[in-house]
Amino acid sequence: INAEYGEVYKKIWEILHYKNVQTLGWALLLCKVGLVVSNLAIFRMLKNGFPQHLMAMSTILNFPAQVIATFAVTEQINKQPLQIWLNSYKWRLWLSVFTVIVVWMYPTEELSTLYICFVFLVATVQEVLNSILSVSMGAFFAKISDVSIGGTYLTLLNTLSNMGGVWPQSLAFYLVDFTTINACYSKETGNTMGLMGCGTSASSECTDMGGVCGLRWDGFYTVSIVTILFGVWLIRPLNKYFLPLQELNFKQWAPKSKLEV
């Protein structure tokens, strides 16, 4: 490409003012809010004592399923990438509900084979859907990207997609701690002796009262419910504004003036 770097970024700036690109950008930045439950669940499961080697094993077992599933829907992805993405997104939201159930069902005693198999099943389906979401969106990016500005267009779209996956996770982990409620429990009766955050000073006060600090409400469930509901609410605007983007002509995504190649 003979164009100067400045000219390329001018074209990117021009593209960012297109209404369809802005719609796609907002969708990429918001859609993954409803999917953060899976990352929260992994952290919570490990914190509850789920063996790390079993978690790693589930990742290995997921790989063949991802390859087979992605290959099976390749033809449909090439024809209607955003339709496949949206359908997978809806199923992914449903799976987030099952992920919360997996954490809620975590046994207080020894892990049963049935529970481990259930975890593996949910993890496998989750990774299959994640793979389809990624491939279908990548196919759409490749379809609308203008070769006259090289890979810069693809980089822009992938950056927006990555940002949309990072900021919800960071905020969600903070909110889990913020919404978690601890209490001081009596060692004898098990009844609460008053709500308090079991930090340094509060924990000492609880001990002096003859109690022990314990979890009263896990913020994981608060954040999970809110994010899933947000994802469900988002389906309607995605259907109305996001899905029609795949019907637009390629010229509506390209800069009006071409760079010399």
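Analyst: A residue is called buried under 20% relative accessible area, exposed over 50%, and partly exposed in between, with a 1.4 Å probe and protein chains only. This is a predicted model, in which local features need pLDDT of at least 70, side-chain atom pairs count only at pLDDT 80 or more, and totals for chains, interfaces and linings use all residues. Residues are numbered from 1 along each chain as its sequence is written, and side-chain values use heavy atoms, leaving out hydrogens and water.

User: How many salt bridges does a search of the whole structure find?

Analyst: Side chains of opposite charge can pair when their charged atoms come close. The criterion for a salt bridge is a side-chain nitrogen of Lys or Arg within 4 Å of a carboxyl oxygen of Asp or Glu. The search of the whole structure finds 3.

User: Which parts does the pair R44 and D218 tie together?

Analyst: The side chains of R44 and D218 form a salt bridge at 3.3 Å, N to O. R44 belongs to helix 3 (residues 37–48) and D218 to the loop between strand 3 (211–217) and helix 10 (219–242), so the pair ties together parts 174 residues apart in sequence. Helices (H or I, at least four residues) and strands (E, at least two) are DSSP runs, numbered from the N terminus.

User: Are R44 and D218 buried or exposed?

Analyst: Both R44 and D218 are buried. In another salt bridge, E75 pairs with K79 at 3.5 Å between the closest N and O atoms; E75 is exposed at 52% relative accessible area, and K79 is exposed at 59% relative accessibility.
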